[in-house]
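Have a look at it first, then read on.

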Amino acid sequence: MKIVLKRLKKRNKISYISFCIIIFLYSVAFFADFIAPYPYNKQFREYPLCPPTRIHFFDHNKNFHLRPFVYEIKLVNPALNQYEVIKNKIYPVYFFVKGEKRKILGIFTSERYLFGTKQGKIFLFGTDIHGRDIFSRILYGARISLSIGVIGVSISFVLGFLIGGISGYFGGKIDNLLMRLVEIFMMFPSFYLMLALRAVFPLNLSSFQIYILIVVILSLIGWAGLARIIRGMVLSIKEEEYVLAAKALGLSTFKIIFRHIIPNTSSYTITAITLSIPGYILGESALSLLGLGIQEPYPSWGNMLSVSVGNLRILSTAPWMLIPGFFIFLTIICFNFLGDGLRDVLDPKNW
Amino acid sequence: MREILKLENVWVGNQEVKILRDINFEVKEREILSIVGESGCGKSLTLRTIIKLLPKNLKLLEGKIYFEEKDITEFQDMEKIRGKKIGMIFQEPSSYLNPLFTIGNQIEEAIKNGKDRKNKKDRVFKILEEMGLSKNVYYQYPHQLSGGMQQRAMIAMAIINNPYLLLADEPTTALDITTAFGIVNLLKNLVNIHNMSIIFVTHDISLASFISDKIIVMYAGIIVEKGNAELIYNNPFHPYTKKLINCLPEKYQKGERIKVIDGEVPTYKNLPKGCPFNPRCEYKIEICEKKLPEEIALENRDVRCFKYGKIMES
Amino acid sequence: MKKYILKRLFQLIPLLIGMTFISFIIIQLSPGDYFTQLKMNPEISSETIEKMRKIFGLDKPIIVQYFYWLKNIFTFNLGESFSYHVPVSYLIKIRLKNTVSLSIFSLFLTWIIAIPLGIYGGVKEGRWIEKFLSFIAYIGISIPSFFLAMLIIFFISKTAILPLGGTTSIFYEGASYLEKFIDYLKHLLVPGIVLTLTGIGSLYRLMKNNFLEALNSPYVFTTYAKGIPTYKIYFKHALRNAINPMITIFGYELSGILSGAGLVEIITGWPGMGRLILEGVLSQDLYLVMASLLIGGILLILGNLFSDVLLALTDPRVRLK
């Protein structure tokens with residue numbers, strides 16, 4: 001692991017940076033309770049669609065303040081969501097500021113958070129139509145959007161490994177049958193299949209049920225491709241001399257699979273996993289975006305965008321509502337860069 | 001006899017490694033020269049140097065190449081020489097022929113002079129016939145031919161413009177023995193019919209002595225011995241050539257143990273200092289580890305070994 | 001050639017049966033008896049129910065129902081939509097046209113842009129321009145189509161250079177054929193551009209790699225040794241060999257395009273199959289969902305068949321087997 005990272009750092013800077021960003025995003029999601037200035041469902045009714053708060057070091061008289069501050073803002077035109085900055089009300093920004101009591105990671109309670117103001121509001125990415133802080137919601141939403149990819153890929157992978165492995169190793173009729181099944185699954189456009197599978201279940205489920213449901217749907221769509229890749233790999237490795245040698249030595253099938261085939265597929269597998277995570281993140285976002293996934297008030301990066309779909313007024317007056325989309329994009333591009341870098345680094349031919 | 005090709009003090013490599021070092025040889029008109037050596041000794045690279053198609057990471061560092069007594073070292077317009085005056089054939093015809101075009105198409109596009117389509121086609125038919133292939137082959141794709149037929153088509157493509165020199169890069173290695181024999185005979189005949197010289201690269205020194213007038217033996221990017229084919233085969237001088245010939249199956253008595261050359265071929269990144277063969281050489285003396293020996297001209301041959309250098313010095 | 005295509009057609013039969021079966025199973029999995037659900041819906045007349053019961057054998061065992069359904073599919077009777085009160089086949093006919101034109105439009109654009117760029121990138125491998133193109137390609141591959149669609153809509157909402165939503169403008173009635181066509185095209189542009197932009201990246205990378213691989217292949221080395229001009233080496237030998245694998249992945253590309261189109265249709269308001277299936281899911285209109293899924297699959301099968309035929313035409317190794 002360490003060697004891989006070192007090599008990544010040396011050979012492929014951009015994928016190393018991507019790796020760091022991914023780690024950063026995951027840790028931010030983990031500590032969302034502590035970093036977010038507000039709870040995800042806290043509505044500030046007097047601040048709907050408020051633009052991102054600016055943090056200042058210089059006040060309007062050009063005086064420098066060592067401690068950054070924000071101005072008071074006020075909704076002046078509710079119809080057009082126009083806000084006015086009140087220049088004589090200055091609220092400094094503090095680290096480890098005291099706020100409402102909140103549970104952290106569901107274990108202990110805290111009343112101090114990473115940053116915030118004692119008075120006034122700080123909305124780094126603005127607010128949504130209900131006046132909820134988008135920055136905080138992105139942090140909480142990251143928990144869903146980022147975890148679903150990893151969980152989904154693990155389930156698909158177990159399925160794909162089992163089916164692809166069996167198919168490739170035993171060959172013959174089993175292989176034929178399983179591969180036809182894979183083909184059938186791959187012959188449906190994945191978006192259509194995803195919606196059709198979603199249609200099987202009722203629309204209103206509890207958020208936990210929906211989370212599980214999304215994972216199951218995405219794994220059902222994803223396993224086929226992975227199974228095919230793994231089958232191909234097993235087939236080619238099966239013909240390699242060292243496996244033939246192991247067979248000639250009289251090793252059991254079980255031993256051959258676990259001692260020879262699996263270790264030799266691992267580098268390829270890691271790459272394939274990394275590169276397929278974006279698909280799961282996209283799948284979750286798409287479902288939530290269409291209102292078929294994670295339901296309000298729980299945030300996911302997908303459902304935070306759904307208000308803007310088909311609503312030109314919000315889209316044109318409050319472009320900060322699109323920030324969650326940027327985070328989806330960032331995560332996906334990082335996984336893609338990382339996957340490509342890993343493929344490069346893990347390939348023994350490149351050592 | 002006219003000199004067709006001459007390499008003078010040719011060095012090929014890059015800033016990190018030197019692969020070919022101090023290559024000198026010449027090819028005369030209607031002469032077959034064989035380059036012999038283990039894989040990775042720089043045989044094929046020598047051919048690529050001549051036709052000036054080096055891999056991207058390597059370049060000609062030093063030396064001169066003369067073709068038809070003209071210096072072509074700095075010559076830019078190689079398209080006028082390649083295919084027209086120098087032809088080339090390869091080890092695995094199946095991968096060196098484009099799978100998506102017919103044989104006829106691929107031979108025809110090699111024709112340099114002549115615009116008339118009909119005339120070109122007739123020339124292809126004629127050369128196919130000379131190669132012992134039927135007219136049908138013109139319309140066939142590479143995958144429809146056997147390995148031997150593919151190689152014949154390859155040769156047809158290389159000699160359609162009547163070049164002065166044919167570079168043959170292990171043309172028989174991928175073929176079975178009877179097919180290979182046919183190709184070798186075909187090549188030998190070309191020398192007489194088309195007035196052509198051939199550089200024949202192979203790892204098989206007995207085949208080389210059978211086909212060629214002259215032999216060059218290469219080891220780790222240098223020429224260790226060169227000269228008359230028969231003489232070298234029957235009485236090798238350089239310790240490496242000696243061992244190479246002693247390993248040949250036909251040199252064994254029944255029941256004798258198989259001989260191998262001890263040690264390994266060095267990689268270009270860690271070549272031993274001095275003579276590259278010194279770690280495996282049984283005649284090694286002190287100087288072998290310090291200096292690369294010069295080529296020493298003896299009767300009928302040149303040898304790059306201090307064993308023969310001492311005689312000269314004293 | 002004929003034999004090969006017949007063989008491919010023959011191989012499709014089990015695939016089709018499998019697909020219909022899975023589509024059918026998905027519907028059967030849904031909670032509650034479908035038949036009772038029908039009866040409870042006050043909007044559906046008892047005559048319709050009676051008619052459907054007869055045609056689809058709704059009171060028979062599941063396997064029998066499957067064969068009823070299969071029989072109906074072959075006569076293009078895909079059932080009744082409960083939310084629209086029209087036959088599903090009627091709805092699909094309208095929407096399919098839009099999805100197919102959107103897919104073909106963006107497929108065409110994607111290929112016409114990505115192939116030359118891929119060749120260019122292959123020739124310039126290692127230079128800054130190639131690195132720049134590859135970086136842009138990464139962005140294109142990674143940007144979610146719905147996010148890009150929203151960004152473009154945001155941009156258009158500010159500039160109003162293109163119409164948004166639907167397939168036609170208000171003045172549509174009474175316009176000439178040409179005007180109608182141009183109007184349709186204008187509406188097609190927003191979803192089309194989104195799909196194209198998200199598709200170019202991966203195609204560019206594939207083409208670049210194929211072209212590089214071809215350039216470094218032994219048979220291209222032969223052409224250098226033959227001394228034929230560089231442009232001919234690039235555009236005759238390397239190009240033909242680089243394009244061939246692209247044809248094989250055409251089917252796969254189509255799957256991506258159809259899926260992408262589904263989502264983009266919904267975001268940009270283009271009335272295609274993607275929106276139809278979403279409407280079906282939201283109103284629990286199961287026959288509609290099932291039929292849309294099946295049609296989506298059949299489109300993909302047709303696309304794959306098309307690429308098989310194309311491959312047979314371009315690759316003698318396939319054709320002359």
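## Two domains in chain A

Taken over C-alpha atoms, the centres of domain 1 and domain 2 of chain A sit 39 Å apart. Domain 1 runs over 45–132 and domain 2 over 138–350, with bounds from an automatic or database domain assignment. Where they meet, 14 residues of domain 1 of chain A are in contact with 13 residues of domain 2 of chain A (contact is heavy atoms within 4.5 Å).

## How the model was handled

This is a predicted model: local features need pLDDT of at least 70, side-chain atom pairs count only at pLDDT 80 or more, and totals for chains, interfaces and linings use all residues. Residues are numbered from 1 along each chain as its sequence is written, chains are lettered from A and ligands numbered from 1 in the order in which they are written, and side-chain values use heavy atoms, with hydrogens and water left out.

## Chain A overall

The C-alpha trace of chain A spans about 85 × 50 × 40 Å along its principal axes. Of the 351 residues in chain A, 49% are buried (under 20% relative accessible area, 1.4 Å probe, protein chains only). Take the contacts between residues at least 6 apart in the sequence of chain A: 66% of them join residues at least 24 apart.

## A buried arginine in chain B

Over in chain B, B:Arg21 is buried but has no salt bridge (a side-chain nitrogen of Lys or Arg within 4 Å of a carboxyl oxygen of Asp or Glu). The nearest side chain of opposite charge, B:Asp22, is 9.1 Å away. Beyond its neighbours within four places in sequence, B:Arg21 has contacts including B:Trp11, B:Leu271 and B:Arg304.

Conventions: Buried means under 20% relative accessible area, exposed over 50%, partly exposed in between (1.4 Å probe, protein chains only). Lys and Arg count as positive and Asp and Glu as negative; His and the chain ends are not counted.
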